[in-house]
Amino acid sequence: MTDLNKEAEKGNNAKRIIEDQAFLDAVSNVTSAVMFEWENETKTARREELWLHQKVIKSVVNNLYYAMENGEIAKNKLDTINKKGFFN
């Protein structure tokens, strides 16, 4: 399997996760719970910890979107190679 194929497969997997309702619900529920606790917390250290939790959640989701977009780019390159031939 070529690097482009691996990247396209990784993108498909990321897309499947991003579009999965259970994943979306989990992200939404965790985000809401963290933000609720953050808004009601008075201790600065705990608020900072909760803020970092929120950043991690966003980072995971952003990484999935990044993988999905790279997979689309790889798929488009593979399609071009397959249509035109590698050396044309």
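Is lysine 15 buried, partly exposed or exposed? I got 34% relative accessibility for lysine 15, so partly exposed (buried is under 20% relative accessible area, exposed over 50%, partly exposed in between, with a 1.4 Å probe and protein chains only).

Note on the model: it is predicted, so local features need pLDDT of at least 70 and side-chain atom pairs count only at pLDDT 80 or more, while totals for chains, interfaces and linings use all residues. Residues are numbered from 1 along each chain as its sequence is written, and side-chain values use heavy atoms, leaving out hydrogens and water.

Salt bridges next. I searched the whole structure and found four (a side-chain nitrogen of Lys or Arg within 4 Å of a carboxyl oxygen of Asp or Glu).

Entry on helix H1. Lysine 15 pairs with glutamate 19 in a salt bridge, 4.0 Å from N to O. Both sit in H1 (residues 3-19), four residues apart, about one turn of the helix (helices are DSSP runs of H or I, at least four residues, numbered from the N terminus). Glutamate 19 came out exposed, at 53%.

Entry on helix H3. Aspartate 79 bridges to lysine 75, with the closest N and O atoms 3.4 Å apart. I placed both in H3 (residues 44-84), where four residues, about one helical turn, separate them. Aspartate 79 is partly exposed at 29%, and lysine 75 is partly exposed at 38%.

Entry on the network. I found Glu37, Arg46 and Glu49 linked by salt bridges. For glutamate 37 and arginine 46, the closest N and O atoms are 2.8 Å apart. Glutamate 37 is partly exposed at 31%; arginine 46 is partly exposed at 24%.

Technical notes:
Helices (H or I, at least four residues) and strands (E, at least two) are DSSP runs, numbered from the N terminus.
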